[in-house]
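Dear colleague,

Please find below the structure I am handing over to you. My notes on it follow directly after.

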Amino acid sequence: MKGRTNKVRIIIVFLVMICFGTFIGYEYYISKYHLTTTHYEIQTEKLDQSIRIVQLTDLHNSEFGTENADLVKCVKEQKPDLILITGDLLDFNEKRTDIAVNLLRQLDGIAPIYVSYGNHEKEYETRYGEDMTVLFEKAGAEVLEYSYKDIEVKGQKLRIGGIYGYCVPESFLKTDEADPEECAFLSEFQDTDRYSMLLCHMPYCWIVNDAISSWDVDCVLTGHVHGGQIRLPFIGGLYAPDQGLFPGEEAGLYASKDHKKVMVLSRGLGSTEKIPRWNNVPEVVTVDIEPRD
């Protein structure tokens, strides 16, 4: 009787292990190969007609379908007015640019594309001596790095800029924690009546140092932290660069104190090979900027 009981226990443990392993494997699979679309709506008094933006970030040479056909289809289905890409299209650990370039070529024609640098573009240029701006612009995108463009979309006046940096508030200059070049660019960028959108790969200071309240930028789009990379049920992201373990603020919308400005933090599409995504479906972000009633 005792031997039979032990056999039943072994079988139960074995079945539990199989179920657990299947769950782990399934979550890894969908976190690498599936796509989800997250939709946000932002209101502003600066527009009298809605603008739709698709944000992509942190591809890291990932592919969704053959030559990213699924990703391109997903973007096309959103019918965006603008496609904004906030860095890390490629991975500096791989000396290849074909995946990033091919994606940009396929997106060209859907809507105007603006790209800002991530840390992987910066590191890639340092390692391999290739100019990412030239490469991406030949593929159909416009690269914004410490630069901005004043444009019109559907008759709406917009200012779109890009910067790779932390964007520490200007008040930190007296403590030498702020970068004078960053502050000079942001001071010029915010000096406009247009609706302003800033592509900035690094979210840390926008959250931790409340840069979203300090700088007069209507909408900041960012990435970098991959939604915490591993997302634990009922807890959220496991780890974010600069923020450490269980950051609590690794994806979503973050408003300024006066609720007039907002940061969009995307979970992104890919991951580094050191830590795979888990329970974290790759994300295409769609933002509708609507006139305030």
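I83 has I113 of strand 4 as its bridge partner. Strand 3 (residues 82-86) and strand 4 pair in the parallel sense over 4 bridges; strands are DSSP runs (E, at least two residues) and helices likewise (H or I, at least four), numbered from the N terminus, and pairing requires at least two DSSP bridges.

The model is predicted: local features need pLDDT of at least 70 and side-chain atom pairs pLDDT 80 or more, whereas totals for chains, interfaces and linings use all residues. Residues are numbered from 1 along each chain as its sequence is written, and side-chain values use heavy atoms, without hydrogens and water.

From strand 4 (residues 113-116), I113 and V115 point one way and Y114 and S116 the other, and all are buried (under 20% relative accessible area, 1.4 Å probe, protein chains only; exposed means over 50%, partly exposed in between). In a regular strand, side chains alternate between the two faces of the sheet. Strand 4 also pairs in the parallel sense with strand 5 (residues 142-143) over 2 bridges, where E142 is the bridge partner of Y114.

E283, in strand 16 (residues 283-291), counts as buried because its relative accessibility is 1%. I235 lies in the loop between strand 10 (231-232) and strand 11 (236-237), and counts as exposed because its relative accessibility is 56%.

Kind regards
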